[in-house]
Amino acid sequence: MMLHFRPQGRWIGDLIPFFWRGEYHLFYLPRAPEGRHCWGHIVSLNLLDWEELPDAIEPSNDPNAPDAVGCWTGSVIEHEGTFHCFYTGFNPRNPYPQTICHATSDDLIHWRKDPANPVVVPDERWYEPQDWRDPFVFFNSEAGEFWMLICARDKGVAFERRGCVALATSRDLQIWQVQEPLWSGSICWAAECPDMFRLKNRWFLVYSHGITRYRWSEKLDGIWFASFPDTFDTEFVAAAKTLFDGKRQILFGWIGTLEGESDFGHRQWGGNMALPRELVPQPDGRLFVKLPEEFVKWHLENSSPLQLKDCEPLCGTWTVEGTTAVADSFSGVSVLRCGVPDDFFLSATVEPQGEAVEFGFLLRMQDGKGHKLIVDKSKIALMRWASWGDVEPKVSRPISWSGNEHLKVHLIVHGSIVEIFVGDTVSLACRIYDPPAGWFGLYAVNGKVRFHDVTVAPLQPLS
């Protein structure tokens with residue numbers, strides 16, 4: 001088992017998930033110079049163990065082909081015993097640099113490109129000619145036809161943020177008719193990597209522009225509402241797309257590296273797989289995020305109790321018994337220093353009592369440096385910690401909870417990757433580099449907080 005998987009010698013970019021007969025297939029774009037991406041391919045039976053398969057789609061050797069320079073994001077669908085891949089062909093030499101291409105397969109491994117490529121190009125009555133990519137194809141049973149959603153730009157919008165989700169329709173996956181935009185919100189330059197699914201009698205439209213967002217509607221020709229928050233995670237879970245495995249809608253994204261392996265470096269395109277997120281619909285249209293049960297089960301089978309009695313109180317008042325530690329921090333901060341591996345998966349139940357306002361974890365503390373992962377009544381956030389005071393969070397996510405609520409927390413610190421899941425509601429991912437190791441702590445601020453059933457499993461070093 002390897003969390004935050006990446007193939008040998010590659011960084012993972014956009015993921016294209018597909019579930020078929022018990023297998024989770026993830027096609028992906030490896031980091032490549034000048035956009036010359038191919039489609040890599042990995043497969044798993046359990047979301048934990050991944051097998052690398054041969055590359056599925058590669059750029060054409062013909063310099064005039066629509067995919068001569070790159071094969072970008074798309075989707076996979078099965079129809080009448082044949083698998084169909086629709087992907088973005090990239091060739092900046094052609095009049096339409098981005099077009100929709102098609103390939104078929106009998107086994108998801110060996111693919112035949114369609115000699116008719118490209119199969120869909122921009123209709124300039126409605127769309128700009130330059131941005132036309134990331135096709136997502138599904139069968140719309142309500143309309144009795146296949147729908148293709150495409151990242152495009154709406155010519156009918158005067159504002160420069162003309163990003164829209166274009167629509168094309170087909171009866172047979174061969175002949176496509178481009179339609180007017182399905183959604184055009186003047187929100188972004190381009191609504192990248194569109195995805196759509198139906199849960200609990202609502203349609204959900206997922207798209208990315210720097211961060212993965214979603215909207216929902218009661219019907220496909222209705223209003224597309226935004227929830228608060230309208231995001232699943234931070235910008236580090238990038239270009240996320242979903243699959244349905246017969247029980248759950250699961251979101252897959254990637255966690256980009258930071259330039260120079262520095263906390264102050266720019267976020268780069270490509271990195272490691274993020275942990276999958278299960279999406280749980282709520283009555284008001286929101287989608288909660290939780291850690292899939294496979295990872296919770298793995299943790300239970302591989303973890304042991306954190307010996308809190310061996311931890312060292314650094315400040316404030318602590319009462320420790322077995323796997324329970326209670327912080328009384330009404331006059332300030334209580335910190336409990338604990339020994340954990342450098343790479344670990346921790347689970348705990350946290351109960352903020354009464355008027356407690358904040359709790360969290362200190363990560364890799366060393367020589368006056370480290371990181372602080374805070375959970376207060378409005379957000380979870382990760383920030384650099386220094387003895388001279390707090391700084392602005394690197395990343396944050398909104399959350400709300402009340403006193404005496406039992407919050408299940410899963411915290412993963414793995415190489416430079418940090419992920420936290422709180423209350424089967426919200427998740428947060430980020431990178432931390434400096435310091436690369438150090439001590440771990442529990443803390444609480446201005447109130448009473450009970451940490452119990454704290455268990456830790458060591459992780460293999462991140463590759």
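Is R364 buried or exposed? R364 is buried, with a relative accessible area of 7%; buried here means under 20% relative accessible area, exposed over 50% and partly exposed in between, using a 1.4 Å probe and protein chains only. The views below come from a predicted model, where local features need pLDDT of at least 70, side-chain atom pairs count only at pLDDT 80 or more, and totals for chains, interfaces and linings use all residues. Residues are numbered from 1 along each chain as its sequence is written, and side-chain values use heavy atoms, with hydrogens and water left out.

**View 1. R364 pairs with D343 in a salt bridge.** The N-to-O distance is 3.6 Å, a salt bridge being a side-chain nitrogen of Lys or Arg within 4 Å of a carboxyl oxygen of Asp or Glu. R364 sits in strand β27 (residues 358–366), and D343 in the loop between β25 (333–338) and β26 (344–353), 21 residues apart. Strands are DSSP runs (E, at least two residues), numbered from the N terminus. D343 is buried too, at 13% relative accessibility.

**View 2. R213 meets D230.** Their closest N and O atoms are 2.7 Å apart in this salt bridge. Because R213 belongs to strand β15 (residues 212–217) and D230 to the loop between β15 and β16 (237–244), the pair ties together parts 17 residues apart in sequence. D230 counts as buried at 15% relative accessibility.

**View 3. R277 joins D233 through a salt bridge.** Here N and O are 2.9 Å apart. R277 lies in strand β19 (residues 277–281) and D233 in the loop between β15 and β16, so the pair ties together parts 44 residues apart in sequence. Both are buried: R277 at 0% and D233 at 2% relative accessible area.

Note on methods:
Helices (H or I, at least four residues) and strands (E, at least two) are DSSP runs, numbered from the N terminus.
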